[in-house]
Amino acid sequence: MFGFLAPRPSRQLEQFRARFTGRSLIVHRGFPPEWLEELLKQPGGGGHFRFDSRRLPASRPTPVEWLVQTHVLPLDLPQPLLLCIREEDILLRHLERGGRAIHPSEIAWFLEELEDRHHARLRFGNPPGRFEVLRGISVTDNEALSMLEHIAG
């Protein structure tokens, strides 16, 4: 494609942020049987946007496809992957433990502790359309500590 016809990163990011700021997105490669059904039973579970990354790479990506293929997939985190899109950044935490997707009920616990326990943070930077990548907890660390603390009393 000619360079002048390609979507500009700043425009892609602007469109993505306009649509998704304040929301959550689950990037996945398909769900295990009954996983999506169980997610929808959880309080707020239907409020997570879901994006199937098996369709990438896209030659003319939409803003969400652009973000996932250009900035999320290169982080090489397991999927499914929870993204919490905020004004200043995107927090990411994978939803896998022991090679399997966690139970959807744990997502609420992950959201509760996401500020301190995320696998990566994509901070919006300059120039527009660029990110500063900050790594968080180890990829192998994926326990919902807030849930364990609640259970332990």
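Which residue does Arg123 meet in a salt bridge? In this predicted model, where residues are numbered from 1 along each chain as its sequence is written, the side chain of Arg123 meets that of Glu132, at 3.6 Å from N to O, a salt bridge being a side-chain nitrogen of Lys or Arg within 4 Å of a carboxyl oxygen of Asp or Glu. Local features need pLDDT of at least 70 and side-chain atom pairs count only at pLDDT 80 or more, whereas totals for chains, interfaces and linings use all residues, and side-chain values use heavy atoms, with hydrogens and water left out. Arg123 is partly exposed at 33% relative accessibility, and Glu132 is likewise partly exposed at 40% (buried means under 20% relative accessible area, exposed over 50%, partly exposed in between, with a 1.4 Å probe and protein chains only).

The structure holds 15 salt bridges, and one of them joins Asp89 to Arg121 at 2.6 Å, N to O. Asp89 lies in strand β4 and Arg121 in strand β7 (residues 120-124), so this pair ties together parts that are 32 residues apart in sequence; strands here are DSSP runs of E with at least two residues, and helices runs of H or I with at least four, numbered from the N terminus. Both Asp89 and Arg121 are buried, and they belong to a network of salt bridges that also links Arg86, Glu88 and Glu115.

Strand β4, which spans residues 89-94, also contains Arg93, a buried residue with a relative accessible area of 0%. The side chain of Arg93 is joined to that of Glu113 by a polar contact of 2.9 Å.

Technical notes:
A polar contact is a pair of N or O atoms within 3.5 Å; within protein, one must be able to donate a hydrogen and the other to accept it, and residues adjacent in sequence count only if both atoms are side-chain atoms.
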